[in-house]
Structures are given as C-alpha cells and as structure tokens.
Amino acid sequence: MLKLIGIIIIIVGFALKLDTIAVVVIAGLATGFAAGLSFNQILTTLGDAFITNRYMTVFFVTLPAIGILECYGLRERAAYLIGKMRSVTPGRLFALYTTLRTLAAALSLRLGGHVQFIRPLILPMAEGAAKTNFGELDEKDLEELKGLAGATENYGNFYGQNVFVASGGVLLIVGVLKELGFNVGALAVAKASIPIAIIAVIVSAVQFLYFDRKLARKKSGA
Amino acid sequence: MQNILLELLYVMCGIVSFIAAYYAFTGKEQECRIGTSLFWTILGIIFTIGKYIPKNVVGAMILIMAILAAFKQVRIGKFYTSSPEFREKKAAEIGDKLFVPALAIAVAAFGIAQFTKLGGLVGLGIGALVALLLSFATTGARINEATRESARLLHQVGPASILPQLLAALGALFNTAGVGEVISRGIGAILPADNITLGVIAYCVGMALFTVIMGNAFAAFAVITAGVGVPFVLNQGADPAVAAALAMTAGYCGTLMTPMAANFNIVSASILELKDKYMIIKKQIPVGIVLLIVHIILMLVLAF
C-alpha cells in the first residue's frame, strides 16, 4: 500500500495547485523510496525514461519557422480569410476539423497537432469566424474558444487512431492479449474501434455547436 | 540510418533550447537570468548528447531543472516582436503564400512517414527544416528573427515543456515499483466475479481512472486488462477483440480528463497561450464522461 504514496502526492499536489514539476518529481522520489529503490537507482530510472521519451518534445524544431510566419502575419491572414466567409462559425470549424482529424487518424495520416495546425491556422480562423458572426469576444469567451481549439485536436487524434490496423494502440492490444492467452487479429480490433470513433465525432460536434449557440444568444441578448 | 537521423533531430531540438538559453543570458530585461539560462542549457545538453551521458547523471540534471522550476527561477524573457500593424501590413502584402511553409511542415512530415521507412519523427524534423527555408523565402526574414522568435515561443511554453517526458519517467518509476499490481488487486478484491455489468463498468472505469493517474492509456492497458479485464469480462464470455478495443479507448476518455497527459492537455494550453492552463481539460471533461458511459454501453451490447 505504501507504494501508492506517489499517487496521493500527485492528487494532493495538483489539487492544491502546487508547482507541477516539483510535485511530479517528489511523487517519483517517494514512490521509488517506498519500493525500496536506492537514490541512484531512482536517478537512473528517471534519466533513462527521460532520454527514451525525448520524442515527446520534438515540437521544438518547428518553433523557428512558426515564429517567423507569425511575426509576418500568418495568423492575421488566416483570420482574414475565414472572416470573409459568413457561414463559418467557430463551432462548425471545430466540428469539421475534428471530423477530418478523425478520418486522417483512421487512415494513419499524421495530419494535425497543436503546434502544426491549431496555433497557426485553426485558432486564428476560429477567432476570425467568431468576430465576423458574434463580434469581439470578451476575455472569458476567448479562453473557452482556445480551450475548445485545443480539445478539437485531442478528440480527433484519440478516437480515430485505433481504426488504423497497424496503429500503436491496436498492436499493443493484440500483443497484450496474446501474452494473456487470447489470440485476436489486428483487423478485428481495428473494426471494433469504428463505432466509438463515429460517436466521438458526434458528441464533440454537439459541444462545439452548443458553444456557437451560447455566443449567438449572448450577442442577441446584449 | 533512421537512428542517426533521429539523433540529429534531437540535436536540432537541443539547439533550439540553447538559443532560448542564449537569449535568457543576454536579454537586457531578463529576470532570474542565471536560473533561466541554466534550465534551457541543461535541457539542450540532454537533447544533444543525453544518449551518451550516464543515466544517473541525466537523472541528477533533471532534478536540478525541477528545483529551478519549483523555485520559480525560470522566467519568461521580454522579447521585441513585430507590432500588430506590421503583421496586418505583411499579411496583406504576402497574402496566401504565408500558408505554404506552415502546410509544408505537415505535408513533408506526412509524406516521409507514409512513403519512406524513416518514420513520422524524422519526417517532422525534415518538414520543419523545409518550412524554415520556405518561410525565409516567402517573408524575407533575417536569421536573427528566426532565433529570436523561436526563443520567444519556447520561453512562452516555459518549464512545462519538459512535463511530458517527466511524467513518462514517473510512469517508469510507478512500473518499477509495481503500483499497477496494487491497484488491480484492490479492484479485484471488491468485485463479485460473475456479474457481467459490474465487470464491464469496472474494466472501463478502471481503464479511465488508471489513465488519469498515469497520464497514458497504453501503460494502463496491460495492468488493468490483466487485473480486471481478463477475470471479470473476457473470462465471462466477451468477444476479446471488441472488449479490449473498447477498453483502450475508454482509457483515452481518462486521457481527456487528466493533467498527467501533459503533452495533450497542459503543454498545448501554453502553446495556445491560455491563461488558465486547465482550460482544455475543463472543456474535455463533459465529453470524456459522456464517452465513457457510451463505452460501457457499447461493451455490454457489442461484446456479449
């Protein structure tokens, strides 16, 4: 039971909004000591996993190009283009993006990403669409718009990927089941992932269109 | 070949980090100059030559970065950047050509991942280089503008940029310590063995909850499937492919709801310059809960 101390530290630390990095490191140290690891073993495990997972942080390489483009008006241009189209609302744009992102993930097309797509293109387009349809957003609505822009990438990325037969998730499922004595094919797992991919697109679209309605009601009320 | 290119990609990431360190060290109005430049220098070293440093030394370097972050010694620098008027003017002048480099990242990354054996990561690296050259060509920007802008963006993301890797390292420690076994034994002890509905709920909710804790559904899957899925769902006559596929995506519902999945939820909040770093999670929680309930229903209906 003592091994669960790391989880408790995480929950309490996050709930109290303490510094995230400090909380994570302390939880790791506590869990390691509770499991009887030496300080040196803990450092080695930490260092090893940190190096192996460098791939999670490769967005660094895109920053120079994105920085220049933003400096020269990329976001303004995206907002201008969408602003010309009255039928595009933030909610519809997000719903469309989630649909396309899900389809792309299902085909294993790596189109998407918060750095590659959302910040330079989708978010400024959504801001432009919001301005055209609903006027200037206040601070709170703008935060919500950004939150949804971040969410649209995750919805499409998560629930579409396992529809692809050779995706990491499907291969992991097949591998783990085999070790546990169940032989299943990758195709069967991929097929079984289709219904929830469709439902996720629908549920998220409801959330996005509801946001449109909220902005519309606010505008007509004001 | 692929491994060499991959290491080159990490060297490029390291250079971006060194640039951020340089701007922190020389910036006229930089607060906490030493701490900030030390943080980005250490990260740069780990990226460029980390593979060749003893792992316990890397672990110690991570501790130093964590201490710097915890004591708020890593601060955003003050950067000169273009004015809104300048950006409006350039946007009108350059026009839609501005999109070409931005799309080049995605197109090159996709093309290389799809049609070569080099993989998506190497593709992203090459895409980023192509995009950088194209953005110099379309905007006529100077090199020091590229370094300044990349430093500015990285400072904006700040120490949160190491969170995904740090959480993965925490997951590795949890694994070594055997945290998963303790949890699945706990769930197993309170559940009646032959109630299919309760079993399915425990499998789906267990996946989501354990993913919330670990920040990673893949890590949760092996543990929860062995501890809960096999005895309470698969051995009760469920179609293993259907049940396991849904269990995995039930875990993704947990990913939507946890700050532990930092690369999806927290780092992206900094990338989008959200003031509330939990805003993406707050928006995703209702959808995550609805989808988790749908998972339970689908598993009961489709797997049995």
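Reader: How many helices and how many strands does chain B have?

Author: First, a bit of housekeeping: this is a predicted model, where local features need pLDDT of at least 70, side-chain atom pairs count only at pLDDT 80 or more, and totals for chains, interfaces and linings use all residues. Residues are numbered from 1 along each chain as its sequence is written, while chains are lettered from A and ligands numbered from 1 in the order in which they are written. Helices (H or I, at least four residues) and strands (E, at least two) are DSSP runs, numbered from the N terminus. On that count, chain B has 15 helices and zero strands.

Reader: What percentage of the residues of chain B count as buried?

Author: A residue is buried if 20 or more other C-beta atoms lie within 10 Å of its own, exposed if 12 or fewer, and partly exposed in between, with C-beta atoms placed from the backbone. Chain B has 304 residues, and the share of them that counts as buried is 56%.

Reader: Is Tyr252(B) buried or exposed?

Author: Tyr252(B) sits in helix α12 (residues 240-256) of chain B. It has 28 C-beta neighbours inside 10 Å, so Tyr252(B) counts as buried.

Reader: Leaving aside neighbours within four places in sequence, which residues is Tyr252(B) in contact with?

Author: Two residues are in contact if their C-beta atoms, placed from the backbone, lie within 7 Å. With those sequence neighbours set aside, the partners of Tyr252(B) are Ala217(B), Phe158(A) and Tyr159(A).

Reader: Which helix gives the most to the side of chain A that touches chain B?

Author: Between the two chains, 97 residues of chain A are in contact with 113 residues of chain B. Twelve residues on the chain A side come from the top contributor, helix α8 (residues 139-161) of chain A.

Reader: How far apart are the centres of domain 1 and domain 3 of chain B?

Author: The domain bounds come from an automatic or database domain assignment, which gives domain 1 (2-70), domain 2 (84-157) and domain 3 (178-302). Taken over C-alpha atoms, the centres of domain 1 and domain 3 of chain B are separated by 34 Å.
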